[in-house]
Amino acid sequence: MKRIFLLVILIAAIPSAGGTLHSEALSFLERLSSQGYTGIGIIDCRLNLLEPCTIMVYPPLNSSTGGFYAALGGNNILDLGLRLEGEDWFLEDTMPDDYPVLRLDSAQVSEGKRLIICAYDMIRGFRSDSTAVVWAFSPVDRND
């Protein structure tokens with residue numbers, strides 16, 4: 001059921017015509033927030049082709065049951081890689097896509113150290129484009 005829910009959210013976040021990448025990411029995060037995700041955030045950055053960008057990540061202050069990281073590629077990115085690294089492990093989206101998503105359990109949320117994004121392929125000879133990296137975490141419901 002959770003996979004279907006996440007898929008519906010991700011399909012709804014597909015860029016709409018005329019919108020900017022940042023506003024599309026904000027719209028996506030607003031939908032997640034309305035579904036109870038906390039600790040949401042966004043970082044805009046510019047990626048050069050085949051030059052990875054490393055973002056240091058920190059666990060949320062409150063306990064989390066899970067969450068995810070996602071990256072939205074600009075109009076010229078065909079293949080965007082996303083990888084979360086911990087001390088002795090990593091998790092990555094290996095499908096060629098301009099919208100990679102990493103679904104996390106509670107241990108991965110709390111132990112993730114670095115998020116690495118890289119544009120592996122672009123169209124029309126472009127060498128750089130913008131991206132938006134988003135994250136959201138599910139809080140532990142203390143009323144259960």
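This is a predicted model: local features need pLDDT of at least 70, side-chain atom pairs count only at pLDDT 80 or more; totals for chains, interfaces and linings use all residues.

Residues are numbered from 1 along each chain as its sequence is written, and side-chain values use heavy atoms, with hydrogens and water left out.

**Overall make-up**

The protein chain contains three helices and eight strands, which follow one another along the sequence in the pattern α-α-β-β-β-β-β-β-α-β-β; helices (H or I, at least four residues) and strands (E, at least two) are DSSP runs, numbered from the N terminus. Of its 144 residues, 42% count as buried, where buried means under 20% relative accessible area, exposed over 50%, and partly exposed in between, with a 1.4 Å probe and protein chains only. Among contacts (heavy atoms within 4.5 Å) between residues at least 6 apart in sequence, 77% join residues at least 24 apart.

**Strand pairing**

Two strands are said to pair if DSSP finds at least two bridges between them. An open sheet of four strands has the order β1-β8-β3-β6, with antiparallel pairing. Because β1 (38-48) and β6 (101-105) each have a single partner strand, they stand at the edges, and one side of each is left without a neighbour in the sheet. From one strand to the next the twist averages 15°, the axes being lines fitted to C-alpha atoms, for helices over the stretch in contact, with angles that run from 0 to 180 degrees between N-to-C directions.

Within this sheet, strand β3 (residues 64-73) is joined to β8 by nine bridges in the antiparallel sense, and Tyr69 stands opposite Trp135 in β8. Helix α2 (residues 21-34) packs on the sheet and touches β1, β3 and β8, its direction making about 10° with that of β8.

Strand β7 (residues 114-122) has antiparallel pairings with β2 (residues 53-56), through four bridges, and with β4 (residues 77-85), over eight bridges. Leu115 in β7 is the bridge partner of Ile55, and Leu84 also stands opposite Leu115.

**A buried threonine**

Which strand holds Thr131? Thr131 lies in β8 (residues 128-139) and is buried, with a relative accessible area of 1%. Leaving aside its neighbours within four places in sequence, its contacts include Leu21, Ile43, Leu72, Ile77 and Ile117.

**Aromatic contacts**

The structure holds four aromatic pairs, two of which involve Phe28 and are set out below. Rings of Phe, Tyr and Trp (its six-membered ring) pair if their centres lie within 6.5 Å; planes under 30 degrees apart count as stacked, over 60 as edge-to-face and the rest as tilted.

| Pair | Type | Centre to centre | Angle between planes |
|---|---|---|---|
| Phe28 and Phe68 | tilted | 5.9 Å | 55° |
| Phe28 and Tyr99 | edge-to-face | 6.2 Å | 80° |

Because Phe28 lies in helix α2 and Phe68 in strand β3, their pair ties together parts that are 40 residues apart in sequence. Tyr99 lies in the loop between β5 (90-93) and β6, so its pair with Phe28 in helix α2 ties together parts that are 71 residues apart in sequence. Phe28 is buried, with a relative accessible area of 0%, and Tyr99 is buried at 12%. Phe28, Tyr37, Phe68 and Tyr99 form one aromatic cluster.
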